[in-house]
Amino acid sequence: MSMEILPLLLFTTCGGLAAGAYAVDTLCVSGHGAPAASKRAWLFPLTCLVLLGVGLLGTLAHLGQPLRFINGMMNPASMISQESYWAIAFGVVLVADLVLTKTKGEPNRVLRWVGTVTAFGLMTAMSLAYFDALGLPGWNTAATLPFFVLGDLGAGAALATLFAPADRAGEVYRACIAGAIAWAVSVAAYALYLAAIGMEATMALGLGALIGPVAVGVVSALHLGGKLDAKAAAAAVCALAVIGLVIVRAVFFMAGIGA
């Protein structure tokens, strides 16, 4: 894997995980009334903020210097600018969410929904940035859009299990199963596209899908069936989702710009 790929992988993996987890948490937990009180509820927005920050460091590494990042924001029509705008908006909401959750002990429902809009904006902008790469057939396909967004949501749901309160954990694990199915379908669609244009990556993508969405769905089902306790299940689905996401994203970037 070339050094050119690593910053892109870092940004889309960490930023996508943060956005996906935040959206799933809002849809399944904090967006539907106050969950069970927790003194550590602030850890969730903090984790998302750290992930987003690490991802943005990857962007800076890709651009080479901070000035290029600033220049990249000067063209609103470009997808690099759109990524920057949505990432900044999401980051601002995360900071506000962290402060309010830390001081009040519970998330603000309205702020969580606003943050979810920015999270979806960021996930969409990231996918469109590669979809718009007209000279790179490995990226310029409609399969890129669900590949990114559904991957973020599927892996994000797994991350959200680490923070799900006991009274809402079932909803999050069911979201894990639904997200895993959708994510697996998006990976399969992208693999079929690459095969159709003569780029063979079926085995690598299959491995990523097996470790990621397939395993996440199985472990989630085992937990819901009472075969696996909550802590073990949360740790397992999160680790499997991250590994699977890194593998399939690495294949994606190598298909676009080479190893």
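View 1. Once its neighbours within four places in sequence are set aside, Thr101 is in contact with Ala41, Trp42, Pro45, Glu106, Pro107 and Arg112. The model shown here and in the views that follow is a predicted one.

**View 2. The largest nonpolar core and the contacts of Phe90.** The largest nonpolar core holds 71 residues, of which Phe90, Tyr190, Leu205 and Phe253 touch the most other members. At least two residues of this core are supplied by each of α1, α2 (43-63), α4, α5 (109-131), α6, α7 (169-196), α8 (202-224) and α9, and the largest share, 14 residues, comes from α1. With residues up to four places away in sequence not counted, Phe90 touches Ala18, Ala19, Tyr22, Leu52, Gly115, Thr118, Ala119 and Leu122.

**View 3. Ile5 of helix α1 and Gly256.** Ile5 lies in helix α1, a helix that spans residues 5-30, and with a relative accessible area of 0% Ile5 is buried. Although 251 residues separate Ile5 from Gly256 in sequence, the two are 9.6 Å apart in space from C-alpha to C-alpha.

**View 4. Packing of helix α1 against helix α6.** Two packed helices are described by the angle between their axes and by the distance between those axes. For helix α1 (residues 5-30) and α6, the angle is about 65° and the axes are 7 Å apart; α1 and α6 are therefore roughly perpendicular to each other. The crossing in which α1 passes α6 is right-handed. On the α1 side, Thr12, Gly16, Leu17, Gly20, Ala21, Ala23 and Val24 meet Phe148, Asp152, Leu153, Ala155, Gly156, Ala157, Leu159 and Ala160 in α6.

**View 5. Packing of helix α6 against helix α9.** Helix α6 (residues 144-160) and helix α9 (residues 230-257) pack with their axes 8 Å apart and at an angle of about 160°, which makes α6 roughly antiparallel to α9. The crossing of these two helices, α6 and α9, is left-handed. From α6 the contact draws on Thr144, Phe147, Phe148, Gly151, Asp152, Ala155, Ala158 and Leu159, and from α9 on Val237, Cys238, Ala241, Leu245, Val248, Arg249, Phe252 and Phe253. In this contact of α6 with α9, 12 residues are nonpolar, two are polar and two are charged.

**View 6. Packing of helix α8 against helix α9.** The axes of α8 and α9 lie 8 Å apart, and the helices pack at an angle of about 160°; α8 and α9 are therefore roughly antiparallel to each other. In passing α9, helix α8 makes a left-handed crossing. The α8 residues that make the contact are Ala204, Leu205, Leu207, Gly208, Ala209, Ile211, Gly212, Ala215, Val216, Val219, Ser220 and His223, and those of α9 are Ala230, Ala233, Ala236, Val237, Leu240, Ala241, Ile243, Gly244, Ile247, Val248 and Val251. The contact of α8 with α9 divides into 18 nonpolar residues, five polar residues and no charged residues.

Technical notes
Residues numbered from 1 in each chain as written. Predicted model: local features only at pLDDT ≥ 70, side-chain atom pairs only at ≥ 80, totals over all residues. Heavy atoms only, no water. Axes fitted to C-alpha atoms, helices over the stretch in contact; angles between N-to-C directions. Helix = DSSP H or I, 4+ residues; strand = E, 2+ residues; numbered from the N terminus. Parallel < 35°, antiparallel > 145°, perpendicular 65-115°, else oblique. Left-handed = near helix turned anticlockwise from the far one by under 90°. Contact = heavy atoms within 4.5 Å. Nonpolar A, V, L, I, M, F, W, Y, C, P; charged D, E, K, R; others polar. Buried < 20%, exposed > 50% of the residue type's maximum accessible area, 1.4 Å probe, protein only. Core = buried A, V, L, I, M, F, W, Y, C linked by side-chain atoms within 4.5 Å.
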